[in-house]
Amino acid sequence: MRISIRHETRYQYSASPTRVTQILRLTPRDHDGQYITSWRVEVDRPVRLSQSEDAFGNITHTFTAEGGESLTMLAEGEVQTHDANGMVTGTSEKFAPELYLRETPLTKADSAITSFAKEITEEARGDRLNQLHVLLAGVHRGMIFDARPTDTTTTAAEAFAMRRGVCQDLSHVFIAAARSIGIPARYVSGYFRRIDGVVDQEAGHAWVEAYVTGLGWVGFDPANGISVTDAHARVAMALDYLGAAPIRGTRYGGGEEVLNVFLKVQA
Amino acid sequence: MLSRTADNLYWMSRYVERAESLARILEATQRLSALPVDYGGSTNEWESAVATAGCTASFYTVHEEATQETVIDYLVFSDQNPSSIRNCFRLARSNGRAVRTALTGEMWDALNGAWLELKDLDSRGILKGEELGRFLGWVKSMSLRVDGSAYRTMLRNDIYWFSRLGVFLERADNTARILDVKYHVLLPEIERVGGGLDYYQWSAVLRAVSAMTSYHWVYRDSLKPWLVADLLILNAQMPRSLAACYGNVGLYLDNLARAYGMQGPSQKLARSMRAKLGNAKIDDIFQSGLHEFIVDFIGTNNRLGAAISEQYLT
Amino acid sequence: MAAFDEMTNADGSIRPAYAPLAEWLRTAPPDLLTYRRQEAELLFRRIGVTFAVYGEKEAQERIIPFDIIPRIMTTKEWRGLTQGLEQRVKALNAFLKDIYGRQEILKAGIVPPDLIYLNPAFRPEMAGKSVPHDLYVQIAGIDVVRVDADTFYVLEDNARTPSGVSYMMENREVMIRLFPELFGQNRVAPVENYTDELLATLTSIAPNSASSDPTVVLMTPGQFNSAYYEHSFLADKLGIELVEGSDLFVKDEVVYMRTTKGPQRVDVIYRRIDDEFLDPLVFRPDSTIGVPGLMSAYHAGNVTLANAVGTGVADDKAIYSYMPDILRFYLGEEPILKNVPTWRCREPEALSYVLDHLPELVVKEVHGSGGYGMLVGPHASKQELETFRKKLQQDPEGFIAQPTLALSTCPTFVESGIAPRHVDLRPFVLCGADGVRIIPGGLTRVALKDGSLVVNSSQGGGTKDTWVMDV
């Protein structure tokens, strides 16, 4: 499938900030299920974009901008994907799968998540893949997609307690639950080409990869309740949202900030 | 030097200087208020002490009336008053502590010692009388100790210059505010009741800046309001006059500009005020309005503070 | 079991290192010690040496009790110890380089991978990244205890931001002022050159892109940190700027500090702030004491952090038990300093042994420090034992256990007069691009309570000056 993406993020400041520093994880990499036909990342200010690779092999761009009343970052390009039944192969792996059992503040399983995971996967015990599919359905059904009560700092436990959240929260809950039953799991940020043909989206997408011995990494999309397909364009991967966030930044000065995201994902 | 270090040094000195000024104002106030009503007139000296300290509005959110007890409590001990003597020493010490590496041992000993003594002091015993006098004397001696150890032990580099800038900017502000509150007693054309009142008010102004003796040395004359104003505003020999303060402010800003090979808005502002004070005659100031002159000075002094902060401290 | 006393042998004779001191103590008038102790306390207060104890309301600014009787080692004893320390720190550095590199030790099956991967102190962000001069631990504090005339055990490796060196130096200064006559009679090796050696070490590790006169700074979390006094003390003695996160900024992968003369490039950061607060763009996003972009400058090789990021994985108490094997693996040598035998409660057999022998053992949290969350079996109440038994059963991975060591004792001036008290020692090891430096001395901590084995200042411990001298 051809997925064409245009992702623009614009900050508007009420006063010109002294300094803005950002790390962008907006550049996808090739793997067996995905080929990058073309891609570019731009910032609308005279900054030096330094490209690097983070701990998990994600491509990062770091820059510092001084002054100015607005700042726009653009990621744009085209990705060719094909369906691999959710399997993710040919990625650059820096760590053994066990690393992805690490707990992070955002993905710490509290007793509610732990017992949820344990109960729901009990029947499928011994069959990891099956356990994960049960978990996928359980998280998707058990949680309501709702952007209001959560933000980027909401933890898995908090979201699970409300049974609400966005793709980020559902992914965190899935990850926490999987790890609590001993299955390595990780967070993926990327883009999803919608089946209903809607092109304009409010934000990028997030899903999960979990490790199944014998099979390798398998992608699960708890927000959509499906395995990862060729409609998913994978950009960055880490232990949680913080490690894979498309944009992480800090700012000195600048007063109030207004953020606008313009995202088009289409054929 | 780190900008933050310069900022801490500058504020450390400002707070010590502020504490000392408060102590002098309170001493003068105590003296005035102790006079028989015939001499003291109708003014509430404690009220004007609060005004001179620049905290009239905040004072009345805590106390209803300005009496010796409430004013001493608020200006000396209160935690609610960010510029109480107690808070001045606390803030001076915490600014100093943040830059201990930039201070000499003697300076730190003086700052730290003052705070340790003051920290646990029971305020109840010293709200009036002899104890109050002794306490205010202690405050002045602590300030002298900090100042003296700075003068005698510090290297003459930017560390010293920033701390001195704080002293003189604060001192200029304090002298100006004393004048601002008391300017009316210095105006010759206003009709007042009772000759004695004026004399004691003028002498109180002089005492508030420790200039009683200096006055007689300089003018060899009995107290005349315009001479009091001349001494406090234009006489460069008087260490607390506006002219003397700006002489020093200019000197230290010039030192910084020379050392860093760069000058900026703060040098420009300081020079123009120094020139203005150097060229002014007291008669002209009275002619064009003493009050206007002082208000203008306070504004310029604040702008200079902001310029220094912008240029060096952030 | 009687502990080894460093001054007096079992037969009452005095060990040679202490002979002059014992003689001096014998002849000194009784009031003199009391008087000097008061004087010492006054000096410490004046100097402002303070520390904060967590969990106390009036936590700010307490002073650590100082014992005026020095702890003494001979030059010969010291030399043996330093060889062991140097070896230990070399192994720590080799281990970290490997863990963040090829991970040969995991492949060889010597350390279980989950102890690394699931260790909170392991920083995935450092994997595959090189650090200047391949040095991770430039400043180490290795806690050792002594059990007899010849044997030292390593109790704990401190490879993150070990503190206490200011006490070593201030203790000496105070002792020289209080007891000039003792220093006149004994040739005590000086410790005051520690900061010179530290500066030489820090300068030696500057990145290649730095100028020949690199700018070194000391980074503190701020004046409310419990070790702030030490930070400012060291910056002062080193003659370098004491910076907070907000004094630094990163532009185009270069670190600068804000100065009154404008931005100035920084090459080496001796940071006394924990990994997770260093850079809000990489670690905790809510850190306000870090520097955004610092890690990108670090990875670009434009700044050296001392110690490196992620060294905590080497001083973890769970890793500790593997140290002898780790050392053999990298250096091909036998460890000179012993490791305290350690039961890893994560191993079922060890756990059942520990549960059976709880009243004899010391149990520690794997990720704890400062003597918190620790059980000293022989001194514990029934209730404490039961509490720990439950904790162990619930979370065996979180604990290790060790036999109760008979820590050596030293004469200490306490309420009842001069009496033996248990001590440990934290020597400081500096590891630069140009070699290892160890100052003769260290921080001796003493458990002031009779019979107590817990020397941590947060738990009622004090400190002593440590003398290394020829006899």
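Visitor: Which residues are buried in α13(B)?
Guide: Keep in mind that this is a predicted model. To call a residue buried here, you need 20 or more other C-beta atoms within 10 Å of its own. In α13(B), the buried ones are B:Leu242, B:Ala243, B:Ala244, B:Cys245, B:Tyr246, B:Asn248, B:Val249, B:Tyr252, B:Leu253 and B:Leu256.

Visitor: What do the buried residues of α13(B) pack against?
Guide: Their partners belong to chain B too. If you want to find them in the structure, look for α9 (158–186), α12 (225–233), α14 (265–279) and α16 (290–313).

Visitor: How far apart are the end C-alpha atoms of helix α13 of chain B?
Guide: Helix α13 covers residues 242–260, so that's 19 residues at 1.5 Å a residue. The span should therefore be 27 Å. The model agrees, with the end C-alpha atoms of α13 lying apart by 27 Å.

Visitor: Which residue just after α13(B) takes a positive phi?
Guide: Step just past the end of the helix and check the backbone angle there. Phi is about 65 degrees, and the residue is B:Gly261.

Visitor: How many residues does domain 2 of chain C give to the contact with domain 1?
Guide: Chain C is split into domain 1 (16–207 + 303–340 + 405–469) and domain 2 (343–403). Their C-alpha centres lie 25 Å apart. Domain 1 puts in twelve residues, while domain 2 puts in ten.

Visitor: How many residues on the side of chain C that touches chain A are nonpolar?
Guide: Chain A brings 19 residues to this contact and chain C brings 20. On the chain C side, α5 (113–117), β6 (248–251) and α10 (294–299) each supply at least two. By class, that side has five charged, four polar and, for nonpolar, eleven.

Key: Residues are numbered from 1 along each chain as its sequence is written. Chains are lettered from A and ligands numbered from 1 in the order in which they are written. This is a predicted model: local features need pLDDT of at least 70, side-chain atom pairs count only at pLDDT 80 or more; totals for chains, interfaces and linings use all residues. Two residues are in contact if their C-beta atoms, placed from the backbone, lie within 7 Å. Helices (H or I, at least four residues) and strands (E, at least two) are DSSP runs, numbered from the N terminus. Ala, Val, Leu, Ile, Met, Phe, Trp, Tyr, Cys and Pro count as nonpolar, Asp, Glu, Lys and Arg as charged, and the others, Gly among them, as polar. Domain bounds come from an automatic or database domain assignment. The expected span of a helix is 1.5 Å times one less than its number of residues. A residue is buried if 20 or more other C-beta atoms lie within 10 Å of its own, exposed if 12 or fewer, and partly exposed in between; C-beta atoms are placed from the backbone.
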